[in-house]
Amino acid sequence: MEFRILGPLEIHTAAGQVLITRRRERGLLAVLLLELGRTVPVDRLVELLWDGEPPRAADAALRSHVSRLRTMLPTVRIDRQETGYALRTDPDSVDAHLFRRLAGAARAISDPDARSAALARALGLWRGPALDGLVDGRFRLCDGLEQLRLDVLDQRIEADLEAGRHREVISELRDLVVAWPARESFAAHLMLALDRSGSRVEALDVYRERREMLAEEFGVEPGRQLRERHAQILREDPAAPRSYLPHDVADFTGREAELAGLLGVTSAVVAISAIDGMAGVGKTALALHVAHRLKPRYPDGSLFVDLHAHTAGRTPMDPASALAVLLRALDVPAERIPEPLDERAALWRAELSRRRVLVLLDNAASAEQVRLLIPGTPGSLVLVTSRRRLQALAGATVFSVDVLAPAEAVALFCRVLGRDVPADEIVELCGYLPLAIRIAAARLRHRPQWTPARLAERLRAQRLGCLAVGDQGIAAAFRLSYCQLDSEQQRMFRLLGVHPGADVDVYAAAALAQLPADKAELLLEDLLDAHLLLQHSPGRYRFHDLIRDYARAEDSGEERGEAVRRLLDYYLCQADKVAGLLAPGREILGMEPVYDEVDGPEFADQGEAVAWCEREMGNLGAVVELGAAQGYDGHVWATMRSLAAFFLAGGRTEHGVGLHELAVAATRNLGDVQAELFTLVNLSTLHWLHDCYADALAVADQALVIARGLGDLGREALCLTRRGILTQSLGRYAEALHDLGQALAVARAAGNRREEAIALWLSTAALVATGEFERALGEAELALANLRAVSERHLESGVLVEAGVACGRLRRYADALGHFAQAEAIAIEVGDLTVRATVHMQRADVFRASGRLGDALAEIERSFEIFGQLAQPSLHSAAHNIFGAVRRDRGELDSAREHHQRALSIATGIGHRLNEARALDGLARAGAGAELSLRAKELYGELGVPSINW
């Protein structure tokens, strides 16, 4: 599907054009296409679509418009976010976004002929004014696009002039000067084209006419660009200026966004562009490429100084020496260069006051080193490169250069190598760092007997060693940065290499280094400024992969053991805080590790505790694995014991299963049978939540044997409830109710009201499935009473959902919705995504049954938004079944069959027989074949459950 907005709004498919006749839906689509991939707030959409005067039911009307667009545009996604809507499709299928990409790529082309052709291809996407016929006072959304079109047109003409096509553009420029009188660049281009075509008098006439027009209409003089072009023509285009720039990089690749930004920097004062980034990221290559592109704009020369901040065997150049180099480049005799620094700087500024030059200051150590090298008058451009962020350089536009995008990295590798080869894994192992990519490509080029696979193998085995040439290479480049650090910064840098996770926060870093958090944060920020750390979100820091390798290589191992223990102590302390909020009053079992209290963030409520777990999920897994590998069994077991409540309620089952298996092994190493029992029960539950029923049942049976061997009635009841939910999930409802009956009796004998409540809750679910709705409601009331007595609030929501489903089946819709509202409120409070998604799903089913199909559709869509964050196939299958039923009731049979088929595929894959029966039933009712209805009835009979009204 192709969307065209650079002109009248058009939608094209392989089958023909899609027509959207309603103006507001066309406007809605236009806004979402312009903001492709970004959420547009509902308030903003309403304001635009109804011109600031929305009807009372604007939100409902907007949902209706969105729904119709989804129907008409089935191959794109229009996602409902918390605050608005976002349209998601391939950006290249929208001509405006394709235009931006093509224009950005074209700007980076150094050859003017090729650049002109590429820019012309981008401009060829325009068929008229953007959103022609739709844009008016309400939809003034395209001004930025129109401005970009003019900028690209300006750049295409500039490329034509650079390529010598002066005569060819004169006619076009005359029209543009008339059409866009306020755009000075078109008049300046016309003057140059006329002059170089031999029409010097006409060129001067353009200036005279424009000067008279500006004076008469606005009382102002022409701008600097026109004045300079006029002066250039009068002095008959003097010889090309002197350039001290090193040669451009022949195989420069990518960097479209950075090039566009740097080439577009203008200022009424001195233009300063500060380019910073980590070692090897290509700062100098980028600056040189930009300088060579820009030097025609600076008629008085291009200067270059290497300030040697990170040059092996050299000390950084002092400002006085740098000024001497620059002044000599301007042909200032040595005897005229004063010794005092302030006088030397004043002479530099005076010399540049009558010149327009480009100055490239490479490899700067600090803002202090370059501050006196900045010209004092407008007209010149200074490019500065540094491994440090030059935040104190007043007036500078800062460009922090990151590693290459994967496609750019592959392109660079192949260009250096001289041929195209599969290089995705190689550039990933190089961390997409240009210097590493160049070294790897050169190594392969000079090893004709090697294959790319062989190079990748070498990189996997020893990256830093492979990415070195003699005493030069990645490690040597990083060492220059490392040696610039003081001793405290170096120690923090080394210790961060001990952390096994993807990133680190201030508190974990403080634990590693045994420092107060505020001191640790200062050191982290120092490393960030030196580009030895990255920061992807506030307060969280990470290494580039190659710098992590280097940090670990610098670690002598002397501090590693204690640092690992302090890190494990930190995460265990935080896990205990999480347990105190998510499972207050829960009995703590098993052998306790001996650990020191470590400072960490405090949690005001359950929501903050859950948010911390989500942020730290990758780190928690990595740290627990590190603890298991190094024999810290007590820490491993205790950490997972305390995080069990989060894993059981938070939907992170795919992480929880593996970590609990490590915890089971740890308890066995410790010889702590009670801890093993506790962990096996949690592992069984996680297998169940991940829809791995056979694995869950096998683990539950192991736990049951241990509980009975210990004579522990409470744990026996717990194991029986787990067996009950698992046999229920496998569709063995009679066995499930038998297990749950046993669990209830044992729990009551043990006086364990929590397990009694869980048995009642699970019995409620089984009774709902088998159609005993009134009995299910009675069990639910007993379960809720027990849970409230033992303050197990996070489990109440699950019981309330089952009670709501039972009321819905009995057509007591108001009661059902009331139960769902209570369940949702608790789920939001405790951060239970599973219950929140389930509430939306079951609410949709109640709305469908009561004829509120629009509300049903909105609810099921909300459930899918949450289910997208969860790895629970059984719930996805159930949701698709309900979605299919809603679609069928709306008469959308093709969509209904699609959803029921997806539900069937999922249910069959995980062995969820009830969802399988309902999917077959739904397919039959949606016209997929009467034989499916027979299969569904057979399966319902085998399960002993009634069909529902699909």
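Me: At what angle do the axes of helix 41 (residues 873-889) and helix 43 (residues 913-925) cross, coming within 10 Å?
Reply: This is a predicted model, in which local features need pLDDT of at least 70, side-chain atom pairs count only at pLDDT 80 or more, and totals for chains, interfaces and linings use all residues. Residues are numbered from 1 along each chain as its sequence is written, and side-chain values use heavy atoms, without hydrogens and water. Helices (H or I, at least four residues) and strands (E, at least two) are DSSP runs numbered from the N terminus; axes are lines fitted to C-alpha atoms, for helices over the stretch in contact, with angles from 0 to 180 degrees between N-to-C directions. The axes of helix 41 and helix 43 cross at roughly 20°.

Me: Is helix 41 roughly parallel or roughly antiparallel to helix 43?
Reply: Angles under 35 degrees count as roughly parallel and those over 145 as roughly antiparallel. The crossing is at roughly 20°, which makes helix 41 and helix 43 roughly parallel.

Me: Which residues of helix 43 make the contact with helix 41?
Reply: Contact means heavy atoms within 4.5 Å. Helix 41 contributes Ser874, Ser877, Ala878, Asn881 and Arg888. From helix 43 come Asn915, Arg918, Ala919 and Arg925.

Me: Which residue in strand 2 stands opposite arginine 4?
Reply: Strands pair if DSSP finds at least two bridges between them. Strand 1 and strand 2 (residues 10-13) have three bridges, in the antiparallel sense. Opposite arginine 4 stands glutamate 10.

How values were computed:
Angles under 35 degrees count as roughly parallel, over 145 as roughly antiparallel, 65 to 115 as roughly perpendicular and the rest as oblique.
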